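Let's take a walk through this structure together. Have the sequence and the 3D view side by side as you read.

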Amino acid sequence: MHSREPGRRIDEMLAKLREREFRITPQRLAILKILAASEGHPSVDDIYREVKAEFPTTSLATVYKTVSLLKELNEALELSFPDGSNRYDGNNPAPHPHAICVKCKRIMDPELMNIDALTEEMSRKTGYKIFYHELEFFGLCPECQKKN
Ligand code: MN
Ligand code: ZN
């Protein structure tokens with residue numbers, strides 16, 4: 001699904017964070033590792049639970065702060081939902097479409113062929129200069145379809 005090398009993503013995140021003189025503690029590095037892989041598009045709680053297993057003294061505030069800063073630096077993409085259950089993609093921080101299962105909340109993001117063409121068409125038909133998009137497709141994932 002993801003084409004980006006998590007190791008390289010960590011290096012990119014670290015470079016941006018160092019520009020901000022953000023101190024990299026072992027806990028924060030663990031947060032970066034989880035975001036760089038972004039297996040399943042984790043929530044802050046998912047990240048917190050995983051980091052806490054390795055570093056029990058980690059606070060939820062540290063996770064929030066690190067994730068927020070990476071989002072601000074365009075090093076993590078936020079998928080926001082009306083109920084506040086936001087999820088994050090630090091593996092591919094560029095805008096890209098997601099398929100979201102309404103039942104189990106599994107999120108997938110295969111590479112689609114026509115996104116550039118769609119963006120161009122939108123720009124051509126509206127005269128807008130397009131900066132980014134948020135494309136979310138909602139439905140039932142294959143696993144949940146089997147259970148129905
Ligand atoms: Mn994604
Ligand atoms: Zn599902």
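What follows is a tour of the metal sites, the sheet and a few side chains.

Keep in mind as we go that this is a predicted model.

Let's start with the manganese ion (ligand 1). Which residues hold it? The manganese ion is coordinated by His41 (NE2), Asp89 (OD), His96 (NE2), His98 (NE2) and Asp109 (OD), at 2.1 to 2.3 Å. Read along the chain, those donor residues follow the spacing H-x47-D-x6-H-x1-H-x10-D.

Now over to the zinc ion (ligand 2). Its protein donors are the SG atoms of Cys101, Cys104, Cys141 and Cys144, lying 2.2 to 2.3 Å from the ion. The angles among the four donor atoms run from 103 to 113°, and the site is tetrahedral. For comparison, the ideal angle for four tetrahedral donors is 109.5 degrees. In sequence, the zinc donors are spaced C-x2-C-x36-C-x2-C. Here again a pair links distant parts of the chain: Cys104 is in the loop between strand 3 (98–101) and strand 4 (107–108), Cys144 is in helix 6 (residues 142–147), and the two are 40 residues apart. How accessible are they? Cys104 counts as partly exposed, at 35% relative accessibility, whereas Cys144 is buried at 2%.

Strand 3 leads us on to the sheet. Three strands make up an open sheet with mixed pairing, in the order 4-3-5. Strand 4 and strand 5 (136–139) are the edge strands, each pairing on one side only. Strand 3 and strand 5 run in the parallel sense and pair over four bridges. If you want a landmark there, look for Ala99, which stands opposite Phe137 in strand 5.

Searching the whole structure turns up zero aromatic pairs. An arginine does meet a ring, though: Arg28 lies over the face of Phe22, at 4.3 Å from the ring centre. As for Arg49, look in helix 3 (residues 44–54). Arg49 is exposed, because its relative accessible area of 55% is over the 50% cut-off. From Arg49 to Ile10 you count 39 residues in sequence, and 20 Å in space from C-alpha to C-alpha.

Key. Residues are numbered from 1 along each chain as its sequence is written. Chains are lettered from A and ligands numbered from 1 in the order in which they are written. This is a predicted model: local features need pLDDT of at least 70, side-chain atom pairs count only at pLDDT 80 or more; totals for chains, interfaces and linings use all residues. Side-chain values use heavy atoms; hydrogens and water are left out. Rings of Phe, Tyr and Trp (its six-membered ring) pair if their centres lie within 6.5 Å; planes under 30 degrees apart count as stacked, over 60 as edge-to-face and the rest as tilted. A charge sits over a ring if NZ of Lys or CZ of Arg is within 6 Å of the ring centre and within 35 degrees of the ring normal. Buried means under 20% relative accessible area, exposed over 50%, partly exposed in between (1.4 Å probe, protein chains only). Donors are N, O and S atoms within 2.8 Å of the metal (3.2 Å for Na, K and Ca); water is not among the atoms, so sites may look incomplete. Four donors count as tetrahedral if all angles lie between 85 and 135 degrees; four count as square planar and six as octahedral if opposite donors are over 155 degrees apart and all others between 65 and 115; anything else is irregular. Two strands pair if DSSP finds at least two bridges between them.
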